[in-house]
Amino acid sequence: MAAENPMESLQEQATCPICLEYFKDPVIIDCGHNFCRACIRHYWEGSDTAASCLQCRETVQQRNLRPNRQLANMVAIAKRLSLQAAKGAGGERVCGEHQETLKLFCEKDQTPICVVCHLSPTHRAHKVVPIEEAVQEYKGKIRAHLKTLREEREKLLGLKETGEKKSWKNLKHIEKERQKIVSEFQQLRQFLEEQERLLLAQLEKLEEVIVKIEKENITKLSEEISCLSKLISELEGKYKKPASEFLQDVRSTLSRCEKGKFQQSVKISPELEKGLHVFSQKTVALMETLREFKDTLPYELETKRGEPLGAHRLANVTLDPDTAHPQLILSEDRKSVRWGDTRQRLPNNPERFDYCFCVLGCEGFTSGRHCWEVEVRGGEFWAVGVARVSVRRKGWISLSPEGGIWAVQRCGGQLRALTSPETPLPLSRVPSRIRVYLDCNRGQVTFINAADEAPIFTFPPGSIPGERIRRWLWVGRGSRLRLCR
């Protein structure tokens with residue numbers, strides 16, 4: 001690295017960072033930086049009592065401008081040294097070709113020239129001005145650009161500071177919510193663990209009582225079986241004896257048979273049966289509470305690998321050919337539909353759409369939560385959603401909730417939600433596979449880009465009435481849609 005020129009360093013220290021000229025009436029502000037008094041006042045023009053330093057951005061008081069006499073003396077010295085250096089170097093710069101002083105500036109070639117150069121054919125037709133005039137002109141332009149750039153930097157610094165504050169505020173809020181969730185779920189886990197221990201302990205006690213009763217029953221029954229086996233053996237032996245021996249003590253033998261009573265098994269007491277019933281009720285109530293809690297979770301929390309936990313598996317994801325517009329062609333498995341160039345000759349049954357290019361799914365829903373996906377294969381005109389079973393089939397229909405349809409539609413280069421009025425949606429990435437979540441209990445339907453899990457649009461809870469709902473597709477020119485599980 002080349003050694004630093006002391007003269008250049010002195011000139012730099014004696015230069016105002018705003019006007020880029022030697023300091024005029026230099027002042028020092030609270031942070032320790034120096035400026036021309038007129039320059040800093042002009043820079044702060046329109047601000048309140050507090051402003052920021054141009055160089056370090058520290059907040060300072062405008063009124064606290066202290067004259068810097070030592071710097072003023074240093075500026076005077078720097079000017080004299082600069083003048084002496086110029087004289088020591090032969091005064092002014094000279095033309096390398098004509099050895100004349102460079103007193104002119106060629107506007108076209110943007111270079112200092114001498115008088116002889118100006119008269120030469122190279123520069124004769126060019127516009128030239130005195131070099132001092134050119135210096136002042138271009139310094140003025142640079143000062144104007146510096147002012148604009150500094151103002152722009154101030155705006156960006158302000159936006160950065162505002163963004164950082166907002167980001168910090170949001171992060172603080174997120175951390176608070178995170179702590180709240182962790183605390184709530186920790187308490188919930190403790191509660192569930194305590195309930196688990198309590199229920200298992202109660203079950204263990206009930207099990208011990210039942211096992212004890214069962215053992216007592218088995219012991220008594222075993223003793224009774226043994227007694228009966230001995231009596232049977234005795235009777236069988238007596239039955240085979242001769243008449244004289246057979247009749248001996250026969251009345252006593254018959255008496256022992258008649259007096260023999262079977263031992264009654266130990267029964268479960270009514271109190272124990274009542275305890276079992278109460279325990280069962282508690283268990284059912286707890287399980288129902290947990291199910292209701294899970295059902296209230298949003299899809300974002302209960303979704304794993306694209307499938308909502310607890311949602312019903314779809315048994316039938318086929319399209320109803322009786323509802324398809326005559327210009328729509330269904331695949332053999334009735335899961336795909338595409339737009340055809342000609343109108344098919346199909347019966348005009350009451351269920352069929354005859355004006356809008358629509359088709360309904362076979363399965364209808366009145367309760368529960370359901371999920372399916374629709375694959376988009378080409379085309380820029382299509383719509384995916386749900387419709388109530390009573391949606392109008394003949395003539396023009398309103399593709400909106402008022403018409404019984406809740407869907408998102410792509411029409412050319414625009415994606416929109418079919419609300420009233422329609423809601424334009426950002427189309428940063430064209431969905432090739434759309435996931436539809438239908439919650440009949442809440443009257444809500446949600447659309448998600450299955451490729452990146454990005455939300456597309458949600459019709460809020462209560463949007464869909466308590467009526468049977470079916471899948472609905474609208475297929476325009478060149479488009480093809482396929483229902484998937």
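The model is predicted, so local features need pLDDT of at least 70 and side-chain atom pairs count only at pLDDT 80 or more, while totals for chains, interfaces and linings use all residues. Residues are numbered from 1 along each chain as its sequence is written, and side-chain values use heavy atoms, without hydrogens and water.

Let us start at the second largest pocket, with a volume of about 300 Å³. A pocket here is an open set of points on a 1 Å grid over the protein atoms alone, where a 1.4 Å probe fits, with protein on both sides within 12 Å along at least five of seven lines; lining residues have an atom within 4 Å of a point. The volume is the space filled by probe spheres set on the points, which are joined across faces, edges and corners. Helix α5 (131–239) gives the most to this lining, with six residues, and α2 (37–43) also supplies at least two. Helices are DSSP runs of H or I with at least four residues, strands are runs of E with at least two, and both are numbered from the N terminus. Among the lining residues are Ile18, His42, Tyr43, Arg143 and Glu154.

Now turn to strand β15 (residues 381–388). Seven bridges join β15 to the antiparallel strand β16 (residues 405–411), where Ala383 stands opposite Gln409. Strand β22 (residues 469–475) also pairs with β15 in the antiparallel sense, over seven bridges; pairing requires at least two DSSP bridges. There, Arg388 has Ile469 as its bridge partner.
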